[in-house]
Amino acid sequence: MTVTAVRKDPDRLTLTVEAEFDASVERIWQLWADPRQLERWWGPPAYPATFTKHDLAPGGRVEFHMTGPTGDQSHGYWDVLEVEPPSRILLRDGCAADGTPLTDMPINTIRVGIEEIAQGRARMSIEIVFPNTEAMEKVLAMGTEEGLSQAVGQIDAILAVETIRH
Amino acid sequence: MVVSVQTALPDFDPLFAALADHTRRDIVRRAISAEEGVLELAGHYPMSFAAVQKHVAVLERAGLITKRRVGRRRVVRTNLEALLVARRLLDQYEELWRARIDRMNELIAETAGAIDTGAKKESQR
């Protein structure tokens, strides 16, 4: 079991997830610090993320987009507030249109903490604070869309095979 | 694409705003048993009847409680379904992060030994 604790506070609109890995703190840090590794886990398989800018430093900016099976893209960015390699990141996660932040779109705060709990074993905690339910809906709407697109993509693939057979 | 999906979703803001107050959360808890009217509820709090009435009105607008006539009284009853919506939103977001952590784990397993930190781990054995 990788995820060791989940705390949900509907009153404070906060979700905290804790996970433990058989890896060093530095290895976990690379998952965030290396954009090529970020691309492997940020988006689901049917909606892979591409990081086009990655300045993980205080005041820095990270830009990415996720591409769906039909070529549709949704853009996002992080405003990096605090960074302490290899153990701490505080960022604000928002939506963008071609790299320009959508200021009318809500932004949520993500706090990442990585600590060693034993030799070669590390704990990562992620706390997400939503400013309002609109922010939550937005992210969840994307999730739903991803799920739907994934299903639609599979149907498309099956239909394509059928077409070739005929 | 996302915007069109978003507009199709119900507006949950009044729900969370209603739950953001301690007294209102307490009213929601008490009204689960659906035994008391506004007057009886007001007796539990060190504030005026009008103030409690206002809290009840906020909860009613958010769909968290309903008033139901029982004989000659109107009792306040919690709408459990609305309460579960807040919970469900966080549940869905939890799933999103669980999937991300699974992918992190796969990535770590895949690259173990192939990168510097992995090599270091090997040499320590």
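Guide: A residue counts as buried if 20 or more other C-beta atoms lie within 10 Å of its own, exposed if 12 or fewer, and partly exposed in between, with C-beta atoms placed from the backbone. By that rule, buried residues make up 30% of the 166 residues in chain A. This is a predicted model, where local features need pLDDT of at least 70, side-chain atom pairs count only at pLDDT 80 or more, and totals for chains, interfaces and linings use all residues. Residues are numbered from 1 along each chain as its sequence is written, while chains are lettered from A and ligands numbered from 1 in the order in which they are written.

Visitor: What makes A:Trp29 buried?
Guide: A:Trp29 has 22 other C-beta atoms within 10 Å, and the cut-off is 20 or more. So A:Trp29 qualifies as buried.

Visitor: Where does A:Trp29 lie, and what is it in contact with?
Guide: A:Trp29 lies in helix α1 of chain A, residues 25-33. Helices here are DSSP runs of H or I with at least four residues, strands are runs of E with at least two, and both are numbered from the N terminus. Two residues are in contact if their C-beta atoms, placed from the backbone, lie within 7 Å. Leaving aside neighbours within four places in sequence, A:Trp29 is in contact with A:Pro85, A:Pro86 and A:Ile114. A cis peptide bond, with omega about -5°, joins A:Pro85 and A:Pro86, and A:Pro86 lies in the loop between β5 and β6 of chain A.

Visitor: Why is α1(A) called largely enclosed by the rest of the structure?
Guide: Because seven of its nine residues are buried. The buried ones in α1(A) are A:Val25, A:Arg27, A:Ile28, A:Trp29, A:Gln30, A:Leu31 and A:Trp32.

Visitor: What makes a set of residues a nonpolar core?
Guide: The set must consist of buried Ala, Val, Leu, Ile, Met, Phe, Trp, Tyr and Cys residues joined through C-beta atoms within 7 Å. The largest such core has 31 residues, and those with the most contacts inside it are A:Phe21, A:Ile28, A:Leu31, A:Ile114, A:Ala122 and A:Met124. Among the elements giving it two or more residues are α1 and β9 (121-129) of chain A, together with α6 (80-111) of chain B. Apart from it lies another core, of 14 residues, among them B:Leu19, B:Ala31, B:Val56 and B:Val76.

Visitor: How do you know that α3(B) is roughly perpendicular to α5(B)?
Guide: The axes of α3 (residues 22-30) and α5 (residues 49-61) of chain B come within 10 Å and cross at roughly 70°. Axes are lines fitted to C-alpha atoms, for helices over the stretch in contact, and angles run from 0 to 180 degrees between N-to-C directions. Under 35 degrees is roughly parallel, over 145 roughly antiparallel, 65 to 115 roughly perpendicular, and the rest oblique. So α3(B) is roughly perpendicular to α5(B). On the α3(B) side, the contact is made by B:Thr23, B:Arg24, B:Ile27 and B:Val28, and on the α5(B) side by B:His55, B:Val56, B:Val58 and B:Leu59.

Visitor: How confident is the predictor about chain B?
Guide: pLDDT is the predictor's confidence in each residue, from 0 to 100. Chain B averages 76, and 72% of its residues score at least 70. pLDDT stays under 50 over residues 1-10 of chain B and also over residues 115-125 of that chain. The model scores ipTM 0.74 and pTM 0.61.
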